[in-house]
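Have a look at it first.

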Protein chains: 2
Amino acid sequence: MKAVNVGLLGVGTVGGGTLEVLRRNADEISARAGRTIRVVKAAVRDVTRARSVSMDGIALTADPFEIVGDPGIDIVVELLGGEDIAKQAVLQAVDNGKHVVTANKALIALHGNTIFEHAQRRGVMVAFEAAVAGGIPIIKSIREGLAANRIEWLAGIINGTSNYILSMMEAEGSDFDGALKQAQALGYAEADPQFDIAGTDAAHKLTILASIAFGIPLQFERVYVQGITAITLTDIIYARELGYRIKPLGLARRTAEGLELRVHPTLIPQPCLLANVDGVMNAILVRADAVGTTLYYGAGAGAEPTASSVVADLVDVVRAITTDPENRVPHLAFQPGLLAAAPMLSIEQIETAYYMRLNVLNRPGVLAAITKIFGDSDISLETVLQKGFPKDSDPESRSRSRPEHGKSNQRVTIIMLTQKTRERNFSVALKKLSQLEAVDDNIVRIRLENLS
Amino acid sequence: MKAVNVGLLGVGTVGGGTLEVLRRNADEISARAGRTIRVVKAAVRDVTRARSVSMDGIALTADPFEIVGDPGIDIVVELLGGEDIAKQAVLQAVDNGKHVVTANKALIALHGNTIFEHAQRRGVMVAFEAAVAGGIPIIKSIREGLAANRIEWLAGIINGTSNYILSMMEAEGSDFDGALKQAQALGYAEADPQFDIAGTDAAHKLTILASIAFGIPLQFERVYVQGITAITLTDIIYARELGYRIKPLGLARRTAEGLELRVHPTLIPQPCLLANVDGVMNAILVRADAVGTTLYYGAGAGAEPTASSVVADLVDVVRAITTDPENRVPHLAFQPGLLAAAPMLSIEQIETAYYMRLNVLNRPGVLAAITKIFGDSDISLETVLQKGFPKDSDPESRSRSRPEHGKSNQRVTIIMLTQKTRERNFSVALKKLSQLEAVDDNIVRIRLENLS
């Protein structure tokens, strides 16, 4: 089937990430979309500049309007940022019958109503998953995944810069200015950080979230906005002492009298998952009448996380314009002819770490014998902890122990964490271990994953 | 536009929840779907039995095959559970050209390959969001939201019963049998709990997740399965001491040599969000190459959470068979003509709780004067904490304090948490407070939300 031709407006951080992801995962992406997605033209500020990402096969132009007017282009991806040129370009693309994918939150929050009106009239899609919370598929989740629900409220950490600053103040005891400087040094905050720390960025995103959650037009001007600049370390510490953490929050809520839309630093209870979302990470908690509370967590910014959403929107558009409506999304995510026959590992072949608990006779040389077995099997021990025999918590293990006459019968518990090893290898060591006379045969073994 | 006619196979817990949600949120759901969704017929075991949910306008039959053969029905919702009859009914529905929505994980995990083959041939949709993790839109998120990514691994707490039992053992120090009995008493575990605690249920779900994540056919027989029955309180305590928590995990991972699919109790590091998912809640952590780590959290079972996914699938099918492909999903989730003009509250109208920090002169009667202001304003105080003046953490607040001659100049810090009140009301109290002579004018006020 014919490839879908994409025109890219802007090849900065997100544009470069988008090209990189489309290229690296080309096979998987076309197996999901059912067609090849090909970037054929890109608008850049300086066509002569060398770039870290390859522009092979992509025609360059300095004029975004050349792309939105090109009859060979099916989908325009707008990554210019800003409002004026982006708005003109998107409106022209739509009016020319092109589908649009954008990561521009200001554009959608401020001009979305106009843009969608044009798109509706012209019968094209305008997709904007990347405009809110970077790589988290929150627009899709609310708009489609929670379509059955009346949404009561949502609360989100939707500005990574602000979350990073407050997290650092707490983690390192630094003051606001110190944490901001650190964020700037790491590229998490702009040289002029106002847009993030004053709450404007979060307010753009909250505008969009509230609209899809409550079914209301976009209305940025109605959002109450307060930044994080007045938060001091003192209050972070007192809040913690009282069982709370201070997070930069965007809140949208239905009440009997009307809707609340507000962005401000907020104390939230520590046991709440949202209170544990740190650094530049984003998360959105959604309360809805049927499903209850759901949470969506991930990277809220960055080249490839944002590109992940841009490309997901591209795949959505391609699926919608290509496939029979009856087969919009392949059941198992990939086109049926393209399901892979990947080899599947048995449990003996997997690699994992282990927690072990053994009861052993408290005699000289026992620990050495145990650790030798692991050494011989090339298994590294991460932690070894020796405990007196637990009297209350696990009485049944005592009755299972083997009494031996004529020797010290005092038993101790040893807890060990291993580093990663192959399960087959570990099983062999475990067998040798259980054959040691001093080791009880009720060895507990639980797999351990660091999930990183 | 003509209503879409739905036939329901099974009106148990999830079936009842589905009818309830479709009825309660009928307006919102049709504003999202673009058409009315109407359940016209239901197959039940006993057509004479009284039900807690109204069956008005729904024809009843004891024969599921009457529904799958009914030419007036567009979509069949299969909520029978089990394998044999469900499989026959779904295959017949598909062969008759009907779209199918199912919550049946065993059916999809064990017979999905056959069912999807039929569906592909016949050009109909078979949707199964409700089969994995209840109300969490995880199928949609992986299949569509992460379509740009090569997925590296996923790890999920996908059996609420097992998670509840391990959580209770840890929280209450109970043994396995005690926690199981408690789960049974609360309806979180079946009278025969084997299916859940032996890991079979999680393995069904992992089979489905792995398939959509990696683009492989469903292959339940290749999953390594170990239940939670061998976990003792002793090991939960030791694991905690070492910085880990034991969670019932389903893991699917790509390695250089092949795929791992395994279900077993696993130690995971405490700071990991997944380690903090307790009780019957589910969560799935997905690692993908472009987006990095994302997490999806919510209720994994229950009538309405599962119904939330069933109805979302219904809306998806209706959108796909109804709308121009170009307009598959309304931009702002609701059909454009149906966007609401809900009143928006100003920040003065909202209700919230507050954290306050004041520096006051340490003189008799000051605290009484302060609390009187709140009492007069009908604001309840949740916590009042008096602190010596913080010397190190917030030196700038000292320099701002007003020296007064001839009186005690010793200052103390008071931290207060209020209960919820209207912001306008609070602002008035705050103003009165700042007019007290003994109170410094640098009062800190941060909003507090319990998010529950």
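Chain A splits into three domains, with bounds that come from an automatic or database domain assignment:

| Domain of chain A | Residues |
|---|---|
| domain 1 | 4–134 + 304–338 |
| domain 2 | 138–300 |
| domain 3 | 347–448 |

This is a predicted model, where local features need pLDDT of at least 70, side-chain atom pairs count only at pLDDT 80 or more, and totals for chains, interfaces and linings use all residues. Residues are numbered from 1 along each chain as its sequence is written, and chains are lettered from A and ligands numbered from 1 in the order in which they are written.

The C-alpha centres of domain 1 and domain 2 of chain A sit 27 Å apart. Their contact (C-beta atoms, placed from the backbone, within 7 Å) draws 14 residues from domain 1 of chain A and 17 residues from domain 2 of chain A. On the domain 1 side, helix α5 (residues 105–122) of chain A gives the largest share, 7 residues; helices here are DSSP runs of H or I, at least four residues, numbered from the N terminus.

Last, just after α8 (residues 176–185) of chain A, A:Gly187 takes a positive phi of about 80°.

Conventions. Two residues are in contact if their C-beta atoms, placed from the backbone, lie within 7 Å. Helices (H or I, at least four residues) and strands (E, at least two) are DSSP runs, numbered from the N terminus. A residue is buried if 20 or more other C-beta atoms lie within 10 Å of its own, exposed if 12 or fewer, and partly exposed in between; C-beta atoms are placed from the backbone.
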